[in-house]
Amino acid sequence: MWAPLTRRSLFIKKSLSVNPHRLDALKDLAYSCQWTSRDDEAIDFFQKILSIHPQDIQVKESLAQVFAWKKEYAEAIRIYEEVIKDTG
């Protein structure tokens, strides 16, 4: 199962080399990293997405989840509180 995700990540990275702000490709790569426990890479991609589209609630929730998995609870809580504020 992991090999296809890794191969897909390579194709997505190649796509981003042509257009580094392609939101769908960034999301695919971020979620691929998250699913394969590459937490630091997932965080980097989620943060890049948020720098382009700062109100993406789904991405914020995923970012908070990764921080929680890493036991970085203060950061996870901060982001979850931001999500609550943004959706409330």
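Predicted model: local features only at pLDDT ≥ 70, side-chain atom pairs only at ≥ 80, totals over all residues.
Modeller: Residues are numbered from 1 along each chain as its sequence is written, and side-chain values use heavy atoms, leaving out hydrogens and water.

Biologist: Happy to start there. Which residues of H3 are the buried ones?

Modeller: They are Asp39, Ala42, Ile43, Phe45, Phe46, Ile49 and Leu50. Buried means under 20% relative accessible area, exposed over 50%, and partly exposed in between (1.4 Å probe, protein chains only). Over the chain of 88 residues, 35% count as buried.

Biologist: How do you know that the span of H4 agrees with its number of residues?

Modeller: The expected span is 1.5 Å times one less than the number of residues. For the 13 residues of H4 that gives 18 Å, and the end C-alpha atoms are 18 Å apart, so the two agree. H3, with 14 residues, reaches 20 Å from its first C-alpha to its last, close to the 20 Å expected.

Biologist: Why is Asp56 said to cap the N-terminal end of H4?

Modeller: A side-chain oxygen of Asp56 lies 3.2 Å from the backbone nitrogen of Gln58. A polar contact is a pair of N or O atoms within 3.5 Å; within protein, one must be able to donate a hydrogen and the other to accept it, and residues adjacent in sequence count only if both atoms are side-chain atoms. The Asp56 oxygen and Gln58 nitrogen, at 3.2 Å, therefore fall inside that limit.

Biologist: Now the aromatics. How many pairs are there, and why is the one between Tyr31 and Trp35 called stacked?

Modeller: There are two aromatic pairs. The rings of Tyr31 and Trp35 have their centres 6.1 Å apart and their planes at 25 degrees, so they are stacked. Rings of Phe, Tyr and Trp (its six-membered ring) pair if their centres lie within 6.5 Å; planes under 30 degrees apart count as stacked, over 60 as edge-to-face and the rest as tilted. Tyr31 and Trp35 are four residues apart in helix H2, about one helical turn.

Biologist: Are they buried or exposed?

Modeller: Tyr31 is buried at 13%, whereas Trp35 is exposed at 53%. Tyr31 also pairs edge-to-face with Phe46: the centres are 5.3 Å apart and the planes are at 70 degrees. That pair links distant parts of the chain, with Tyr31 in helix H2 and Phe46 in helix H3, 15 residues apart. Phe46 has a relative accessible area of 0% and is therefore buried. Ring pairs link Tyr31, Trp35 and Phe46 into a cluster.

Biologist: One last topic, the loops. What makes the phi of Ser37 worth a mention?

Modeller: Its value is positive, near 60 degrees, in a residue other than glycine. Most residues other than glycine have a negative phi. Ser37 lies in the loop between helix H2 (23-35) and helix H3 (39-52), and at 59% Ser37 is exposed.

Biologist: Where is Lys71, and what is its phi?

Modeller: Lys71 is in the loop between helix H4 (57-69) and helix H5 (73-87), and its phi is positive too, near 65 degrees. Its relative accessible area of 61% is over the cut-off, so Lys71 is exposed.

Technical notes:
Helix = DSSP H or I, 4+ residues; strand = E, 2+ residues; numbered from the N terminus.
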